[in-house]
Amino acid sequence: MTPTRPAFAVELLVARVLLVGGLVGLALIVFGLGLYAAHGGFHQHVLLLSRPAGDAPPGVFTSLRQIGVGLRHRPVDPLALSALGLVLLMATPGAAVTLAIPSFLAARDFRYATIAALVLAMLLVSLLLAGAIHS
Amino acid sequence: MSLTVFSVAVLFTSLGAGVVGAILGLGGGILLVPILTIFYGVDLHYAMGASIISVIATSSGAAASYLRTGLSNLRVGLFLVMATVTGALTGALLAGVVPTRWLELILGLALSYSAFTTIRQLGDELPRDLSADGLAIRFGLEGTYHDLRLEREIPYRARNVAGGFVAMYGAGVLSGMLGIGSGAFKVLAMDYLMRLPMKVSTATSNFMIGLTAAASAGIYFSRGDIHVLIVAPVAVGVLAGAYLGTTVMARMRNTTVRKLFLPIVVYLALSMILRGLGIHLL
């Protein structure tokens, strides 16, 4: 048997992180879209569904720095706000596993603290490898 | 297409994909990519970017609920994710070295066999044998959930853990090499090989797919495949759909979930065999 653990303690923490990450991400996405609509974006814009060669079209961000530039811009780029929400959503599963590690340790479940740390390490390696292959 | 019409239409399509994804433990990519490209004319790269976000959104929305109710088993998920992510890394390194067409054919045939075994199990509400597996006991791969449909606590324990782990690794290799999602393989391995209840299998798959998708989401983002105006309605719709899907699935029979899952396995088997023969459905 796994070492004694408070029932569902880690599960509840991971569930909460997934819920909060999802909801905050969602709120930012919707808020950004709302601002975009308020600025008339939905009236002027005919969405180009094909991928143009050359520069990225409005709504495509390829780095956190670009999102930061959009957020610092006055008035704020509403699509940068939505992009921030998407990045938060993408980071949510990793954050859940990261926070599970101390929670497993607190429950003295060292086996699963190690497994969660291994999973996190492998996620980082695959992210780095993907980045290396891409660049 | 006007942005307003596109956003509203994609929002409702994604709502449906989120419901189906949450019930069946799939990311929704299997449904969303063809719909976005064929019906909405979205570029394949943008559709795949939207698909990866939809997987994470489905996972976050569904797993948050399933973990709270005990339907998703965190330990089973983390234990098996080790195998899939290692497999995906191996597959990514082997891509381009090993010819893929034979692999696609073999995978198609393996999936056809899985479809056959799924048909044989269609009437099994719960696994009958709770016998001990050394690895399951050692790694605590067991649990209990309250089944709202059967109105009782259901205890379960994984069997054939080594077989399931190897299958997950293989699924990871294939998904890394062939660039396909592996939610369906995860469900099959847990349901058929490890003999977990079907609802536990799809709920646990929901947790796992978010982790594996998160590993590759960064590359889609930096490649410029994630278009905010396309992805935003997908994320909103899928998150809402996933939440709705969890409430529906909790009240379903295991046999119903398996019956809904069967067409997905048949579709995957056919598309893999056709790809192996050089015919791409998409």
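Biologist: How are residues and chains labelled, and what counts in a predicted model?

Modeller: Residues are numbered from 1 along each chain as its sequence is written, and chains are lettered from A and ligands numbered from 1 in the order in which they are written. Local features need pLDDT of at least 70, side-chain atom pairs count only at pLDDT 80 or more, and totals for chains, interfaces and linings use all residues.

Biologist: What makes up the secondary structure of chain A?

Modeller: Chain A comes to five helices and zero strands, in the pattern α-α-α-α-α along the sequence. Helices are DSSP runs of H or I with at least four residues, strands are runs of E with at least two, and both are numbered from the N terminus.

Biologist: How do you know that the span of helix α1 of chain A is close to the expected one?

Modeller: The expected span is 1.5 Å times one less than the number of residues. Helix α1(A), residues 9-38, has 30 residues, and 44 Å is expected; from first C-alpha to last it reaches 43 Å, which is close. Just after α1(A), A:Gly40 takes a positive phi of about 85°.

Biologist: Is B:Arg195 buried or exposed?

Modeller: B:Arg195 has 23 C-beta neighbours inside 10 Å, so it counts as buried. B:Arg195 also has a positive phi, near 55°, without being a glycine. B:Arg195 lies in the loop between α8 (183-193) and α9 of chain B.

Biologist: Which residues does a cis peptide bond join in chain A?

Modeller: The cis bond joins A:Arg74 and A:Pro75, with omega about -5°. A:Pro75 lies in the loop between α3 (64-72) and α4 (78-106) of chain A.

Biologist: What makes the buried residues of α5(B) line one face of the helix?

Modeller: In α5(B), B:Glu104, B:Leu107, B:Gly108, B:Leu111, B:Ser114, B:Ala115 and B:Thr118 are buried. Seen down the axis of α5(B), they fall within an arc of 120°, so they line one face; the arc is that of the directions from the helix axis to the C-beta atoms. An α-helix has 3.6 residues a turn, so residues three or four places apart point the same way. The face of α5(B) turned away carries the exposed residues B:Trp102 and B:Arg120. The cover over the buried residues of α5(B) includes α7 (161-178), α8 and α11 (254-276) of chain B.

Biologist: How do you know that β1 and β2 of chain B pair?

Modeller: Two strands pair if DSSP finds at least two bridges between them. Strands β1(B) (142-147) and β2(B) (152-157) have six bridges, in the antiparallel sense. The bridge partner of B:Thr144 in β2(B) is B:Pro155, and B:His146 stands opposite B:Glu153. Four residues lie between the strands of this hairpin, where B:Glu151 takes a positive phi near 55°.

Biologist: How many residues of chain B are in contact with chain A?

Modeller: In chain B, 57 residues are in contact with 53 residues of chain A, where contact means C-beta atoms, placed from the backbone, within 7 Å. The largest share of the chain B side, twelve residues, comes from α3(B).

Biologist: What is the largest nonpolar core?

Modeller: A nonpolar core is a set of buried Ala, Val, Leu, Ile, Met, Phe, Trp, Tyr and Cys residues joined through C-beta atoms within 7 Å. The largest has 134 residues, and those with the most contacts inside it include A:Leu86, B:Ile53 and B:Ala235. Helix α3(B) gives the most to this core, 14 residues. Leaving aside neighbours within four places in sequence, B:Ala235 is in contact with residues including A:Leu26, A:Leu86 and B:Ile53.

How values were computed:
Two residues are in contact if their C-beta atoms, placed from the backbone, lie within 7 Å. A residue is buried if 20 or more other C-beta atoms lie within 10 Å of its own, exposed if 12 or fewer, and partly exposed in between; C-beta atoms are placed from the backbone.
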